[in-house]
Amino acid sequence: MTFFTRWGQALIAPRAAMARADDDPLPGRPASDLMRALALVLVVAHTRELVAAGWIATRLGVKAALPALTSAIAATATWPLVFTLVATLVITTAAGRRRALGRDADLACVAALAPTLVALVASTIGKLVPLGAVGRAVVLAVALGAGAVLAVHAIVVARRRTP
Amino acid sequence: MIGVGSQRAGWAVLAIAALALAINIVWIVSHLDWLRPLESGQVAPPLALPRIGAGGALSAEPVTLEAARGKVVVVEFWATWCGPCLQALPAVDRAARDWGDRVEVLAVNVDDPARARALFDERGWSITLVADAGDAAARYGVHSLPHTVVIDRAGVVRLVVSGRRAGAVEGAVERLLAAP
């Protein structure tokens with residue numbers, strides 16, 4: 001099962017993806033997947049910023065390139081990581097006595113794959129057409145909505161977990 | 001158990017990623033000038049920025065670099081949420097009053113024209129307030145704020161400063177004004 005297949009499963013069969021993540025003999029793999037997804041988004045959606053940072057580093061030094069690089073990383077990772085943190089807290093709280101923080105964080109990482117894909121799509125569209133304030137608000141709402149749906153599936157799986 | 005649907009969805013994600021990369025590569029190839037770091041000695045990229053009027057309304061007639069040719073120009077990129085920008089702007093405004101007509105100072109707001117106008121009115125700053133309604137920040141390589149560019153009378157960039165500058169901008173302008 002490839003990384004992309006696991007990402008696809010999270011999108012179209014979220015309950016199965018959550019159950020699989022919860023039973024995975026390799027705890028932490030969903031977190032690895034999320035990191036890979038963020039790295040992919042950084043490279044394919046913020047290519048121009050990375051090229052600009054590389055060019056600045058070549059001409060003006062690494063220190064001068066840091067703002068461009070950190071800006072690209074922050075644009076990629078901030079919202080998915082904030083979502084993951086909040087989703088972990090929500091899932092572990094909602095799991096009640098079945099809570100297992102590490103597993104709940106894994107489930108939150110699976111849930112974060114949906115907003116990460118929305119961010120990728122929105123970033124791509126935004127490169128072609130300026131989104132504007134309304135467009136960005138819609139993207140944020142869609143991303144959070146998609147993530148929330150997956151988080152609900154995560155809660156259901158966590159509450160059915162065998163203690 | 002992984003269904004065919006999941007595999008197809010995975011391929012779709014991969015296709016979206018490939019499309020995003022392709023779009024970015026095409027953009028990079030066609031906009032190399034925009035990505036080149038702005039350095040002292042380069043001709044300043046053209047600017048056409050609308051003034052921010054009452055209530056954040058943008059003027060139809062833009063402020064251009066061409067119109068300021070013959071003057072030293074200071075382009076100050078800033079945002080209303082940017083603390084260091086708000087600390088730097090009073091000094092820029094005071095210096096602009098001292099320089100008078102010899103220097104054109106453009107405060108380019110990159111976030112919220114209405115809040116920017118309200119802030120300028122509240123604090124009584126008189127430098128020219130314009131909005132980045134297009135790609136000015138991208139063309140000037142703005143990756144952090146404040147970001148200041150000093151342009152000489154011939155339209156050539158003489159100083160690029162990101163972040164705190166401790167008098168560097170004022171010094172550069174004074175040197176340009178003192179030059180024949």
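1. Domain bounds, as used here, come from an automatic or database domain assignment. For chain B that assignment gives domain 1 (4-30) and domain 2 (39-178), and the C-alpha centres of domain 1 of chain B and domain 2 of chain B lie 38 Å apart.

2. On provenance and numbering: this is a predicted model, in which local features need pLDDT of at least 70, side-chain atom pairs count only at pLDDT 80 or more, and totals for chains, interfaces and linings use all residues. Residues are numbered from 1 along each chain as its sequence is written, while chains are lettered from A and ligands numbered from 1 in the order in which they are written.

3. Chain A contains seven helices and zero strands, where helices (H or I, at least four residues) and strands (E, at least two) are DSSP runs numbered from the N terminus. The C-alpha atoms of chain A fill a box of roughly 55 × 35 × 30 Å along the principal axes. Of its 163 residues, 45% count as buried, a residue being buried if 20 or more other C-beta atoms, placed from the backbone, lie within 10 Å of its own.

4. Between the chains, 31 residues of chain A are in contact with 30 residues of chain B, contact meaning that the C-beta atoms of two residues, placed from the backbone, lie within 7 Å. On the chain A side, α1 (3-12), α3 (29-45), α4 (47-60), α5 (62-94) and α6 (101-128) each supply at least two residues, and α4(A) gives the most, with eight residues. This side of chain A divides into 20 nonpolar, eight polar and three charged residues; Ala, Val, Leu, Ile, Met, Phe, Trp, Tyr, Cys and Pro count as nonpolar, Asp, Glu, Lys and Arg as charged, and the others, Gly among them, as polar.

5. How do α6(A) and helix α1 (residues 4-30) of chain B pack? Their axes are 10 Å apart, at an angle of about 30 degrees, the axes being lines fitted to C-alpha atoms over the stretch in contact, with angles from 0 to 180 degrees between N-to-C directions. That angle makes α6(A) roughly parallel to α1(B), a term for angles under 35 degrees.

6. The residues that make this helix contact include Leu117(A), Leu120(A) and Val121(A) of α6(A), and Val13(B), Ile16(B) and Trp27(B) of α1(B). By class, the contact of α6(A) with α1(B) has 11 nonpolar, three polar and one charged residues.

Terms used:
Angles under 35 degrees count as roughly parallel, over 145 as roughly antiparallel, 65 to 115 as roughly perpendicular and the rest as oblique. A residue is buried if 20 or more other C-beta atoms lie within 10 Å of its own, exposed if 12 or fewer, and partly exposed in between; C-beta atoms are placed from the backbone.
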